[in-house]
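Here's a quick tour of the fold you're about to look at, going from the whole chain down to a single residue. Have the viewer ready.

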Amino acid sequence: MLPRRNQTVHLKYRSAQTTAELRKTLRQARYLQAGTQNTATPVFQNRQQRGDATTYGRISTSQDGRIWTKLPISYPHVQLSRPSVWYANGRLTLIDGQDRYWTTNFKDWQHQRLNFNGADFKQGRVQAVFPGTTRSAVVVVRGIDRQSSRAKLYYGQLTKTGRVKAWHALQLGKLPARQVAGMSLIDQHLYLFRQRGTQLAIYRANRLTRPVRLVGRVKLNHAQSQRVTAVNLIPTTKHRYRLIFDLTTAEKVQKQPRYRLLDRRFKAVGQQHLLVTDYLWSQFQISLRGSE
């Protein structure tokens with residue numbers, strides 16, 4: 001038996017894919033996902049005790065929205081809580097809260113602290129990023145309205161330099177901003193989700209400039225005490241969708257991500273299924289595809 005010595009181990013980035021192959025994977029992926037992985041506690045039977053989780057950002061790609069593969073790159077070694085991903089013009093970007101990280105070689109990351117404050121709100125934190133086809137993307141932040149001191153959702157066009165020239169408030173009506181569990185943008189239609197017990201209410205705005213309205217309720221197969229921590233909607237065909245969501249129990253146990261198929265009227269079709277992933281997603285945001 002050799003004596004044990006305290007040693008510092010430095011892990012080096014190595015990938016089976018070249019930079020060109022990684023770019024091709026991102027460019028051709030139908031769906032991109034940015035999520036967090038809890039590295040503080042073990043996973044057992046696709047469940048994990050969250051506790052005071054230490055979570056780091058990860059990115060996965062998928063062609064069908066059901067089977068996901070983690071992108072084999074070097075990730076920024078910083079704790080992230082609710083990242084979103086944006087890939088355009090060879091640059092891969094993660095945005096989390098008020099921080100932006102980006103890389104072009106998938107090894108070295110640059111960091112920028114973003115200041116999301118507008119004339120109408122303060123303390124803005126990113127809730128979602130919707131990639132565009134150009135060098136800009138649409139970011140949605142939750143901020144505190146300066147007049148009412150209530151949380152509201154705002155959106156704006158994010159430039160390459162990390163600036164937003166103009167902010168606009170989403171027209172949520174009676175939907176409380178703090179109760180929005182997730183959001184998706186499909187063909188310029190904005191979808192927002194709110195948990196009500198074992199049901200998930202789906203709201204839609206036909207454009208970002210239009211008011212949201214309730215368009216469906218989906219019954220989820222879980223106990224009343226379990227909480228939906230993240231949810232996204234992606235199209236599978238012209239008239240069907242896949243609703244992907246996370247669940248956490250009252251004992252703070254994270255469960256494997258699940259999905260339900262929905263028809264064009266947002267009614268559940270068939271049974272609830274488990275999502276196939278390389279790791280247990282904690283928080284996540286899904287983009288429809290990469291762009292170049």
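## The overall picture

Buried residues account for 51% of the 292 residues in the protein. Keep in mind that this is a predicted model. In secondary structure terms, the protein has one helix and 23 strands.

How does the radius of gyration sit against what a compact globule would have? For 292 residues the expectation is near 19 Å, and the protein has 19 Å, so the two agree. The other whole-protein values are gathered here.

| Property | Value |
|---|---|
| C-alpha trace along the principal axes | about 65 × 45 × 40 Å |
| Accessible surface | about 15400 Å² |
| Share of that surface from carbon and sulfur atoms | 44% |
| Contacts joining residues at least 24 apart, among those between residues at least 6 apart in sequence | 51% |

On the charge side, the protein carries 50 positive and 14 negative side chains. The centres of these two sets lie 4 Å apart.

## Inside the cores

The largest nonpolar core has 22 residues, and the members touching the most others are F130, L153, L170, L172, M183, L190 and L192. Which elements give two or more residues to this core? They are β10 (121–131), β11 (137–145), β12 (151–158), β14 (182–186), β15 (189–196) and β16 (199–205).

Setting aside residues up to four places away in sequence, L190 touches F130, L170, M183, S184, L185, Y203, R204, A205 and L208.

## A closer look at N38

Is N38 buried or exposed? With a relative accessible area of 5%, N38 is buried, because buried here means under 20%.

What does N38 have around it? Leaving out its neighbours within four places in sequence, N38 is in contact with Q48, Q49, R50, A53, T54, T55 and S282. Take R50 from that list: N38 and R50 are twelve residues apart along the chain, and their C-alpha atoms are separated by 7.4 Å.

Methods
Residues numbered from 1 in each chain as written. Predicted model: local features only at pLDDT ≥ 70, side-chain atom pairs only at ≥ 80, totals over all residues. Heavy atoms only, no water. Core = buried A, V, L, I, M, F, W, Y, C linked by side-chain atoms within 4.5 Å. Buried < 20%, exposed > 50% of the residue type's maximum accessible area, 1.4 Å probe, protein only. Helix = DSSP H or I, 4+ residues; strand = E, 2+ residues; numbered from the N terminus. Contact = heavy atoms within 4.5 Å. Rg over C-alpha atoms; globule rule 2.2 N^0.38 Å. Areas by Shrake-Rupley, 256 points an atom, 1.4 Å probe, with all protein chains shown as cover. Lys, Arg positive; Asp, Glu negative; His and termini not counted. Charge placed at Lys NZ, Arg CZ, Asp CG, Glu CD.
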